[in-house]
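Welcome! Take a moment to look over the sequence and the fold, and then let's walk through them together.

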Amino acid sequence: MSRRGWTVAGIAGGVVGAAGAAAGVGVAAQRRKIAATRRSLATEMSAHAGTPPGTVGEEMSVMADDGVRIACEVVAPADGSEHALTVVLVHGFALDRRTWSEQRPHLAGLTGPSVRMVLYDQRSHGRSERAPADSCTIDQLGRDLDAVIRALAPEEPLVLVSHSMGGMTVMALAEQHPELFHERVAGVALVSTSAGEMASSGLPGTFLSRRNPVIRALGGLAAWQPGLVETGRRALGDIIWAFTKRFAYGDRQVDPRMVDLVDTMIDSNAVGALTDFVGTLGTHDRLAALPGLSGCEVLVLAGDGDRIIPWRHSEVIAEAIPTARLVRLPGVGHMPMLEQPEVVDAELDALIARTTERTAGGGLRAKRPPQLTDTTDDEQAEAGGALQGLLRSAGRVRRGSRTPARAGRSRKKDRP
């Protein structure tokens with residue numbers, strides 16, 4: 001084995017050993033409780049498996065501009081009516097299109113207007129193809145979204161609904177193709193996301209850095225011995241489940257099925273595929289692209305109990321988009337669409353209604369809609385002043401050409 005290999009193995013072994021030691025001190029009973037809960041959930045979920053009636057979609061594949069296959073799904077209105085617009089749902093880091101499992105039946109059942117849904121798995125996530133590490137960037141995710149839109153929704157009005165890294169993907173698309181947001185994107189929802197400075201503090205500051213020795217060791221080991229890493233991950237499954245509950249949700253009494261859903265999504269993605277995105281998340285900065293969304297109806301929604309992307313990131317986004325509706329969910333964590341689906345559904349309904357009114361009547365709103373936030377005017381003014389300084393120093397957005405993308409239809413499971 002090379003010196004590098006022994007170094008990676010030594011560091012990773014120390015990390016795993018330390019994790020194992022910590023897990024073994026005083027948590028054996030808790031692990032047994034978690035394991036019992038998960039076994040019960042597995043039995044319950046298998047008894048109620050299946051997609052909700054009326055929301056079965058058509059599986060498709062779209063080729064990204066670099067040839068990576070993106071697994072997609074198109075869901076028509078449940079009542080078979082003609083759709084008025086297409087809603088594209090973009091999931092976040094370490095997840096997949098199941099992120100929107102609570103919104104899927106709700107949106108499919110809408111009438112007046114009826115909507116068509118396009119869902120897809122980001123590259124190296126879910127059923128999409130594992131991509132080369134150097135292509136796992138927010139810039140490329142923006143181009144992937146562009147390819148999905150050109151292939152599956154090339155003409156109709158659009159509403160882009162995004163979460164976490166999915167929101168960053170939408171910002172990258174706005175930076176690359178501002179004309180699309182003037183011509184066809186009528187509405188945007190940015191849920192629990194950030195325009196930049198993800199690695200500045202808190203949990204993201206700890207993990208979203210290539211300089212972090214733990215992440216570097218894990219990434220190196222995952223590339224060198226992926227089987228060993230996945231075996232270690234399975235051995236710590238119950239601890240990871242408890243970690244997911246703590247950091248994905250604000251409500252300590254959240255339905256365990258929701259925890260299991262997020263845990264299952266994370267577990268379905270290879271560790272190496274996830275570490276490939278660490279660098280791009282840590283360096284993401286698209287404040288300058290946000291004003292380009294001002295021509296759309298914009299919803300900025302997040303929980304103030306989010307430990308992954310703190311609430312202040314949503315405030316910064318709303319200050320950059322004066323027409324945005326800012327919604328603050330007290331005590332809610334990083335997965336509001338699963339933790340409080342009824343609230344998120346209602347806000348999406350309102351966004352789609354405003355979008356429909358806009359596309360029918362034309363023109364822009366003159367005033368900002370009511371803001372559901374507890375921040376004071378002084379706090380908002382201070383944040384706005386800081387943002388303006390950042391925007392003055394930022395570069396201008398780029399414009400690019402748009403060409404058709406290819407789509408391939410498939411009834412099979414789109415596993416890589």
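**Starting from one glutamine**

Q176 has a relative accessible area of 8%, so this residue counts as buried, the cut-off being under 20%. Bear in mind as you look that the model is predicted. Q176 belongs to helix α5, which spans residues 165–176. Now find R143: this residue is 33 residues away from Q176 along the chain, yet the C-alpha atoms of the two are separated by 8.0 Å.

Two packed helices are described by the angle between their axes and the distance between the axes. Here the axes of α4 and α5 come within 8 Å and cross at roughly 80 degrees. An angle from 65 to 115 degrees counts as roughly perpendicular, and α4 and α5 are therefore roughly perpendicular to each other.

In soluble globular proteins, nonpolar side chains tend to be buried together. In this model, the largest nonpolar core has 55 residues, and the members that touch the most others are L152, L160, F181 and L290. Helix α4, covering residues 138–152, supplies the largest share of this core, with 8 residues. What does L160 touch, once its neighbours within four places in sequence are left aside? L160 is in contact with V88, I149, V170, L173, F181, V185, G187, V188 and A189.

What about the cysteines? A disulfide is a covalent bond between the sulfur atoms of two cysteines, and the structure holds 0 disulfides. C72 is buried, with a relative accessible area of 0%, and C136 counts as buried too, at 2%.

Finally, zoom out to the whole protein. Its 416 residues include 51% that count as buried, and the fold has 17 helices and 9 strands. Among contacts between residues at least 6 apart in sequence, 83% join residues at least 24 apart.

Methods: Residues numbered from 1 in each chain as written. Predicted model: local features only at pLDDT ≥ 70, side-chain atom pairs only at ≥ 80, totals over all residues. Heavy atoms only, no water. Core = buried A, V, L, I, M, F, W, Y, C linked by side-chain atoms within 4.5 Å. Buried < 20%, exposed > 50% of the residue type's maximum accessible area, 1.4 Å probe, protein only. Helix = DSSP H or I, 4+ residues; strand = E, 2+ residues; numbered from the N terminus. Contact = heavy atoms within 4.5 Å. Disulfide = S-S within 2.5 Å. Axes fitted to C-alpha atoms, helices over the stretch in contact; angles between N-to-C directions. Parallel < 35°, antiparallel > 145°, perpendicular 65-115°, else oblique.
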